[in-house]
Amino acid sequence: MMIMSEFPSIDEVHDMLDEIAEEIPKDFFRELNQGILLLPQHKIHPESRARDKLYIMGEYHKNITGRQIIIYYGSFKRFYQEISKERLYQKLKDTLLHEFTHHLESLAGEKGLEIKDARDLYKYKNRHKD
């Protein structure tokens, strides 16, 4: 695996996400009426520390208008600058599947992944005290 000389454009990352989404069973998209959105910006978690920033790679949103998965291109570009294209593809896939898990749990009234995410954030905060 070769490290990329230049990070892929937002259009190339969009194409990767489309390819990944094609592999996901159609049933997973049930009630995801606002689809998957790739935004150009990066997003830092509100509880991020000055050292070792905690980037948000993706989010699942559910509100009165519907349900949506957001992927932050800028977060991937900043955090994964020095990896291969294959590894980037896998990180995008992992993130998209993570957000789909939130979606499916939301439909089922479950919160297992939310609880795991909260535990991970707790560990991060205790590991990185400024």
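Me: Helices here are DSSP runs of H or I with at least four residues, strands are E runs of at least two, and both are numbered from the N terminus. With that settled, where does Glu 31 sit?

Reply: Glu 31 is in the loop that runs between α1 (10–23) and β1 (36–39). Do keep in mind that this is a predicted model.

Me: Thanks. What is the phi of Glu 31?

Reply: It is near 65°, a positive value in a residue other than glycine. As background, most residues other than glycine have a negative phi.

Me: Is Glu 31 buried, partly exposed or exposed?

Reply: Glu 31 has 45% relative accessibility, so it counts as partly exposed. The range for that class lies between the 20% and 50% limits.

Me: And Asp 52, what does its phi look like?

Reply: Asp 52 also isn't a glycine, and its phi is positive, at about 55°. You'll find Asp 52 in the loop between β1 and β2. Its relative accessibility is 45%, which puts Asp 52 in the partly exposed class.

Me: Since you mention β1 and β2, in what order do the strands of the sheet come?

Reply: The order is β1-β3-β2, in an open sheet of 3 strands with mixed pairing. β1 and β2 are the edge strands, each of them pairing on one side only. From one strand to the next, the twist averages 25°.

Me: How many bridges join β1 to β3, and do they run parallel or antiparallel?

Reply: There are 4 bridges between β1 and β3 (residues 66–72), and the two strands run parallel. If you want a spot to look at, Ile 36 has Ile 69 in β3 as its bridge partner.

Me: Let's switch to pockets. How much space is in the largest pocket?

Reply: The largest pocket holds about 930 Å³. Its lining is made of 28 residues, and those nearest the centre are Leu 54, Tyr 55, Ile 56, His 98 and Asp 117.

Me: Which helices and strands supply at least two residues of that lining?

Reply: Those are β2 (58–63), α3 (85–108) and α4 (112–127). Of the contributors, α4 gives the most to the lining of the largest pocket, namely 9 residues.

Me: How does that lining split by class?

Reply: The lining of the largest pocket has 11 nonpolar residues, 11 charged ones and 6 polar ones.

Me: What is the volume of the second largest pocket?

Reply: The second largest pocket has about 150 Å³. Among its lining residues are Tyr 60, Lys 62, His 102, Glu 105 and Glu 114. By class, the lining of the second largest pocket has 5 charged, 3 polar and 1 nonpolar.

Me: Which element gives the largest share of the lining of that second largest pocket?

Reply: That's α3, with 3 residues. β2 and α3 each supply at least two residues there.

Me: OK, aromatics. How many aromatic pairs does the structure hold?

Reply: It holds 6 aromatic pairs. One of them is Phe 28 with Phe 100, a tilted pair at 6.4 Å centre to centre and 50° between the planes.

Me: What parts does the pair of Phe 28 and Phe 100 tie together?

Reply: Phe 28 lies in the loop between α1 and β1 while Phe 100 is in helix α3, so the pair ties together parts that are 72 residues apart in sequence. Phe 28 is partly exposed, with a relative accessible area of 28%, whereas Phe 100 is buried at 1%.

Me: What about Phe 76 and Tyr 80, how do their rings pair?

Reply: Phe 76 and Tyr 80 make a tilted pair, with 5.7 Å centre to centre and 35° between the planes. Phe 76 is buried, with a relative accessible area of 1%, and Tyr 80 counts as buried at 14%.

Me: Which residues do ring pairs link into a cluster?

Reply: The cluster is Tyr 55, Phe 76, Phe 79 and Tyr 80.

Me: Last one. Which helix holds Arg 127, and is Arg 127 buried or exposed?

Reply: Arg 127 is in helix α4, and it is exposed, with a relative accessible area of 56%.

Conventions
Residues numbered from 1 in each chain as written. Predicted model: local features only at pLDDT ≥ 70, side-chain atom pairs only at ≥ 80, totals over all residues. Heavy atoms only, no water. 1 Å grid on protein atoms, 1.4 Å probe; cavity = no way out; pocket = protein on both sides within 12 Å on 5 of 7 lines; lining within 4 Å. Points joined across faces, edges and corners; volume = space filled by probe spheres on them. Nonpolar A, V, L, I, M, F, W, Y, C, P; charged D, E, K, R; others polar. Buried < 20%, exposed > 50% of the residue type's maximum accessible area, 1.4 Å probe, protein only. Phe/Tyr/Trp six-rings, centres within 6.5 Å; stacked < 30°, edge-to-face > 60°. Pairing = 2+ DSSP bridges. Axes fitted to C-alpha atoms, helices over the stretch in contact; angles between N-to-C directions.
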